[in-house]
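Please have the sequence and the structure at hand.

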Amino acid sequence: MIAASLIAIAVILFLLVGRQAESRRAQMRVQGLSTVRSISGVPYEQLFPKENASSLLQALLNLKGNPDFAYGLIADTQGKQLGEVTAAGALIPNATMNVEPAAWYGEQSLVSPGDGRKLREFYGPVLNKGALQGFVRLGFFEPKTFNTEQVSFLSMLALPVFLLVPLFYFLIRRETKPLDKISEQLQEIASMGPAKIELNPTGEMGNFVQNFNQFMQLTKQRIGDFEGEKMNMIASNRMLAYKKDKMETVLQAIPEAVLVMDDSGIVSFANAKVEPLLGVSTDKVVGQNAEQWCDNPDVRKFLSRFQSQTQQKRRVETLEYSPPNHAERRIAAAAYPLFSSQDSNDTQGTLVVFRDITQEHIAKNMGAEFVAQVSHELKTPLNTLAMYSETLLGDAGKNEAIRVEAINVIHDEVERMSTLINNLLSISKMELGNITLERKLVRLVDLLKDTFDNLAQSDRGKDLKFIAKLPPDLAPVALDKDLFRIAVNNLLTNAIKYNRPGGSVMLLAEEIDDQIVIRVRDTGIGIGPAEQSHVFEKFFRSSSPEAAGRGGHGLGLYLAREIIELHHGKINVQSELGKGTEFSITIKKAPIRINSGATA
Amino acid sequence: MKRVLIVDDQPHVIRVLKLNLETEGYQVDTAANGHEALQKIAANEPDVLITDIQMPGMSGQELCQSIQANMPTRKFLILVMTSTTERDQRDWVKTITHLEFLEKPLSPRKLLTRLKQYFSNETGLENPHA
């Protein structure tokens, strides 16, 4: 950089000197030519007055102030000098002058005869009344481009320049050094370095650095704050996202279909259960109002009520409906207004929950049917009891035969009622899980025979043949005697109830491998193939008119199955309409105990 | 001898009513459902018909409606056995004339009293013209 600036300075100096020489040369030419013309214009007699001969010299002497002036002379046409003025050390060279009028004025280069310096001579004619008398010649030294004087001046000029350039350089360097440092540290700041300029310059730069450092300190603090806030934001955003995910997962997992509608009725959320329950895919529901997505008129009407929220619509509303083409299904919709947590008067839309209540509906209907059935079942024997007991009190009661009959019927009906009530109590216990199986090793043959005989001897089976084929050596079984008796009793009761006059009821038992199979066979009305798979369902009643007249209550077989399954056994049905039915119970034999079994 | 037709699917009900009525000197005929009852009526019209409502095959309601439609000039009384819980199902009887209810559980004594009263009124009304 220094070299470049020195070269620049040298070039500037050279041009400056060149220009100075040029201007001196021009000045010299103007002076020369004008002086020549002014002398030529002076009248001859004035040019050489005897008494005033100094006038020419005076004019020429004026030129002596010019450092380049060499000489001035007036000579006649033969070259004889009439008067001259010379600068110190200058010699006048000889010159042949052309006397042709066209060449009177002019200039020429000559060489000084003494030192050989180049001269520039300007000349003009001296006239006396129009006739050429001689010539006036003015000589000037050609100005040197570098003369010693100039060289010394230039060197004097160059010296401070040479001294100043490095000085300036170092001064500038010194002043710009903090800037370099600032630049460097800004880069570091940009890459998260220390936010402070570690320099202590004085003066303007010192103030600047101080202010800058304060600013950076503040900025650093702010950036710190922002980063802290940013971390908090990220954390809280993650937390929110997590909570949102969790809430959505919860909402998706809810077994009910959930819709959230805003105040204008547009659905903003719908969980995946919407599709199976409402038959519309979730993405066709979200962002739409009921008019757009709902094709069930009842539901649409129900939901439309929440499109314009008014004060009256701020309570929970419910709807129960069966979807079109699915009369067997039952869906309950409940709409809950969503209140803002800040202002309980401000609703933020509606939460609608759709629930499949088909099972509940069936159970409810079944329950109602069951109560009706049971009360009918209870009332029928009660009715009989009331009529017979009153008969006993009346005139007919005086007849011995009628009295015996009445007492027998009353006895049977009381038994029938107690069976029903026992069944009901057993079911209720079993359904509440209150029943505990008391399994004891039982001689199954005795249990079966006892149950069978009880029924065979009762009035109910009057017209029927009772056949029992029970092997006396039937293996013992671990059973809850009381419960198992109910199951067998229920099967036998059905075999009697659904039989035909003159039909038969058979009880069979046999060992097959490690199992015992008990069969109850009747020659009754039978069960149709479609109904066979339902006979063990609670409250199930055959739809055949023949069966309906026989006063069942849909509990006996249900209870029998529950009991057999509690014993880890199986119960099956085989039947043919009009021919009869066979129920079979399969249970495991009690494990053989080698020690006790042989000695007992 | 006044003839009474009892229609019920419960053999015990038929039996106990029959015992009581026969003791009081009525001639009793029985049917297990509506169809059977219609056949018996066609063969031999009773003086009083006692029927249950809930019966397999043809119910008591259908039986009464059939009688009303086919025998607009019938003279015999219909007594329908019903329980208090079935009162809401009684609208259909408005179209049937000459019909009364018997509350369940049925009291044979009350039935006999009602029949005695009915037949004495009937004869009492008929007597002036006789």
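How many residues does the contact take from chain A and from chain B? The model is a predicted one. Chain A brings 18 residues to the contact, and chain B brings 17 residues. On the side of chain A that touches chain B, the elements giving two or more residues are α10, α11 and α15 of chain A. The top contributor to that side is α10(A), which gives ten residues. By residue class, the side of chain A that touches chain B holds nine nonpolar, six polar and three charged residues.

Now the sheet. Five strands of chain A form an open sheet in the order β12-β14-β15-β17-β16, and the pairing is mixed. β12 and β16 of chain A are at the edges with a single partner strand each, so each has one side without a neighbour in the sheet. On average, neighbouring strands of this sheet are turned by 15° against each other, direction ignored.

β12(A) pairs with β14(A) in the parallel sense, over five bridges. Across this pair, M506(A) in β14(A) stands opposite I467(A). Which strands does helix α12 of chain A lie across? Helix α12 of chain A, residues 444–456, lies across β12, β14 and β15 of chain A. Its direction is about 175° to β14(A).

The elements named above span these residues:

| Element | Residues |
|---|---|
| α10 of chain A | 358–393 |
| α11 of chain A | 400–432 |
| α15 of chain A | 545–548 |
| β12 of chain A | 465–469 |
| β14 of chain A | 504–512 |
| β15 of chain A | 515–522 |
| β16 of chain A | 570–576 |

Methods
Residues numbered from 1 in each chain as written. Chains lettered and ligands numbered in written order. Predicted model: local features only at pLDDT ≥ 70, side-chain atom pairs only at ≥ 80, totals over all residues. Contact = placed C-beta atoms within 7 Å. Helix = DSSP H or I, 4+ residues; strand = E, 2+ residues; numbered from the N terminus. Nonpolar A, V, L, I, M, F, W, Y, C, P; charged D, E, K, R; others polar. Pairing = 2+ DSSP bridges. Axes fitted to C-alpha atoms, helices over the stretch in contact; angles between N-to-C directions.
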